[in-house]
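User: I would like to learn how to read a few features of a protein model. Please take them one at a time.

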Amino acid sequence: MCSLSLVTMSPSLFAAQAGASRVIAVDASEKMTAVATEIAKDNGCLWSEIINKDHKQSTGVVEVVHGMIEDLEKSVSVKPHTIDVLLSEWMGYCLLYESMLSSVLFARDRWLKPGGAILPDTATMFAAGFGRGCTSLPFWENVYGIDMSSVGKELVKDAAELPIIDVVDSHDIVTDNAVLKNFDLATMNIEDMDFTSSIELQPKSGSISESSDTKYGLTWCYGIVLWFDTGFTSRFCREMPVNLSTSPYTMKTHWSQTILTFREPIALSSEKFDAKRSAVVGTDSCPASKVDLRISIARAPQHRAIDISMEISAVSHDCQRQVWPAQIFNLS
């Protein structure tokens, strides 16, 4: 049984059900704290204290606090390093957008016991290339019998400047997956939220999608999809470790996926082409064998927003390389 758990609002009753003797539920939303108070009260979990002449008597285990976690000690007396479990649903779009990870790490360093559990305790970001079916191009090519491809092309150009949050069909993934970044919440620093990673994406073997040209063995990659997993690993959940995934290959979640569109699609092929030396890598005359990406994600000046930069180069089978100017995205 945990003696003391510190949670964000959503998991508070679950912590109480799990046997915590005291739960401090914190949320910055006044509306959410009011609703959570009523829910805890309706379920007989709300903490209250009655002071008699001789002693104090308390009932319930869930204490609801309205405010930022950084200001918790203004409302509740909690000694440093006395929390057994720190539980939070902090994840945002693209994992880090509008997330509370920095606040969770603050709470960890301030109140979590040595060896105490932080849940989830891992997070991993992934990337993969997507094809034509993930764009609006197929729709605009036949709008009630009218070819409006020009509209679709303009929208794809606009998408090259803005990240899109949407659900991606796994059939539209045209490359293998790559790990972009691993986070260990038990040991990471706040500075680790800003990072740069280099990854390599190769065409998915045996895949046929709307972006595939079966006649020539080509696959067109229009950009990359980002998603994340969070782990409740055996480190703290020995009896029942769980992985929460927002992958296109699993059931959809409210986080969806984050789509970053290239300025122009890149032709890929797992087969070697006899291309002319003058041909541009990444075109149908000289398809690339892989796409190299250098992706940076950093906290933006706007509160809870993130900036994403993407540097792209296509590499042919004979190691020729085509490099494009960096693209900058702001998720706010």
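**Reading a helix**

Analyst: Helix α2 (residues 30-42) has 13 residues and spans 19 Å from its first C-alpha to its last, close to the 18 Å expected at 1.5 Å a residue. The expected span is 1.5 Å times one less than the number of residues; helices (H or I, at least four residues) and strands (E, at least two) are DSSP runs, numbered from the N terminus. This is a predicted model, where local features need pLDDT of at least 70, side-chain atom pairs count only at pLDDT 80 or more, and totals for chains, interfaces and linings use all residues. Residues are numbered from 1 along each chain as its sequence is written, and side-chain values use heavy atoms, with hydrogens and water left out.

User: Which residues of α2 are buried?

Analyst: Buried means under 20% relative accessible area, exposed over 50%, and partly exposed in between (1.4 Å probe, protein chains only). In α2, Thr33, Ala36 and Ala40 are buried. They lie on the same side of α2, because they cover an arc of only 65° around the axis, taken from the directions from the helix axis to the C-beta atoms. The face turned away from that buried side carries the exposed Lys31, Lys41 and Asp42.

User: How many disulfides does the structure hold?

Analyst: A disulfide is a covalent bond between the sulfur atoms of two cysteines. The test is a pair of cysteine sulfur atoms within 2.5 Å, and the structure holds zero disulfides. Cys134 is buried at 18% relative accessibility, while Cys319 is exposed at 64%.
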